[in-house]
Amino acid sequence: MGETMTPGRDDAPPGTSKRADRVEDATLSLVEPKGDSLSAKTVTINRPRQALYDYWRALENLPTFMENVERVEAVGDGRYHWVVKAPAGRTVEWIAAITEDRPGEAIGWASEEGADVPNSGRIDFRDAPGGRGTWVTATILYDPPGGVIGKVVAKLFQREPAIQARRDLRRFKQLMETGEIATGARTARQLAEEMD
Amino acid sequence: MRALTWHGKHDVRVETVDDPEILNPRDAIIRITSTAICGSDLHLYDGYIPTMQSGDILGHEFMGEVVETGPKSTLQKGQRVVVPFTISCGSCFHCSKHQYSACDNGLPADNQDIAQAAYGQPMSGLFGYSHMTGGYAGGQAEYVRVPFSDVGPIVIPDGIDDDKVLFLSDILPTGWMAAENAEIEPGDTVAVWGCGPVGLFCVQSAFLMGAERVIAIDHFPRRLELARRFGAETINYEESRTYDALMEITGGIGPDACIDAVGLEAHGFFADNVWDQIKVSTFTGTDRTHSIRQAILACRKGGRVSMPAVYGGFVDKFPLGAFMEKGLTLKTGQTHVQHYMPALLNAIMEGKIDTTFLISHRMPLEQAAEGYRLFHDKQNEVTKIVLKPGMDLAQTA
């Protein structure tokens, strides 16, 4: 039979591990890993895998559900220019290249040299068991700007990438399942303030 | 528009605020014709519910006329609709199983963090009930924005009074689902703790589902009188020892099904940080926190416990041993309103269910703040206040 289980190891996803070496394994599973903070989150979406991949693969779509992403523009050769909101009204930018592209299954990216926030990651699309839609897993590796202090500041402004990734995945699910993104706002003005 | 806004403990005001607008394709705007004050609104009024913000518009039991629709709404201008208090998308896994109050997408993404931390997974959104349930403006107003208007609101045929159908928005489906969760069998004796609106609808529903006897437990004489009117026997827990009384009137067996319609009476409430405050003001000195414990102890062996009562956090001294040893079944949950509305509307139209008996007061929206005070101070006399935004002040005299 196949490989035996390493003693003390379980089947839980590496992103949930208490052990540093398993987190390292997850990091090494990325093509061209960039950054030292790992965030991995999975959401189940009641839609077919290919439809979800297609929407995500058109990277220009990402600002529709990624609250902090102002825009993503193709600059040729599978490279994209990202402009992202940062705390205190600033923006950060980088060029990221697609490092992996398996239609209907996975998209990987890594930022190039000179990125304001070095980052890399992958989005996996897998069939959920029992025909219950698709598991979308976002694995993101990044260097928080300004190190630990920067991370705390970003968290204060709710612009911390791990928080954002979790909320962005929920918005992606809402958009794909319901065709819109839920808001508690009453007026267009309130909605615009929330997006700021 | 005019709206009832929250500003702090015992401070609600009718103010002029911006009209709601269509923000998403599936939205509709409803002009409110009737909107009730719920017992759970009193917990907002008493300042127990965290994540409230000054200026929040309250109200989650309402109906009215469609005045504007988004491009993906299936409603038409001029239709009269009752709106469920739960905001559910109709497209996620849970909605497809008709578990509407467990909808994945009703809460805005940012608001899901608190619910996820408290409950493990986020629940549906609610109208007018703090920011942890989505921060949605409620219906104690002239107008309201209704998200997912293609799956939530139910269209009411012309010629049926608001008062007959308004309670489809929350308390009638809640009472019905509680009775359904009690899995009543012919010949059963059903005990109902709490004769507020939900408890009274439990009594009605239990008889319709074939209960032989229903025993209603409360301490407000007027509420017990209403329960008696529907054929229930009553226990006033200030006059009699509830457990002993239940044992005696069931020949020592205990009720086959027990429904706890007391709880905290608060939708989506959980805050541990106000737990002590709640304990002091709600529990101590009354029997009320004991309702779920008492239900478990009184219930016959192998019986069913149904809990429409809202518990948000942790309960001390839950009798897990009795629950296990007697092999009880417990069913509970926020109401899947959208699932129950069509059948209950039919039951109302066929005259099988009448909910108008509950309304003790009708007031113009302008008097909403006075309504809260009245409801808060006189729970025996006030069974239900319905606010009518279109009502002339002179009509109340």
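Visitor: What makes 30% of the 196 residues of chain A count as buried?

Guide: It's a neighbour count: a residue is buried if 20 or more other C-beta atoms, placed from the backbone, lie within 10 Å of its own, exposed if 12 or fewer, and partly exposed in between. So 30% of the 196 residues of chain A pass the buried test. Keep in mind that this is a predicted model, where local features need pLDDT of at least 70, side-chain atom pairs count only at pLDDT 80 or more, and totals for chains, interfaces and linings use all residues. Residues are numbered from 1 along each chain as its sequence is written, with chains lettered from A and ligands numbered from 1 in the order in which they are written.

Visitor: Why are 19 residues of chain A said to be in contact with 28 residues of chain B?

Guide: Two residues are in contact if their C-beta atoms, placed from the backbone, lie within 7 Å, so those 19 and 28 are the residues that meet this cut-off across the two chains. On the chain A side, helix 4 gives the largest share, seven residues.

Visitor: What makes domain 2 of chain B run over 171-332?

Guide: Those bounds come from an automatic or database domain assignment, which also gives domain 1 as 2-170 + 336-396.

Technical notes
Helices (H or I, at least four residues) and strands (E, at least two) are DSSP runs, numbered from the N terminus.
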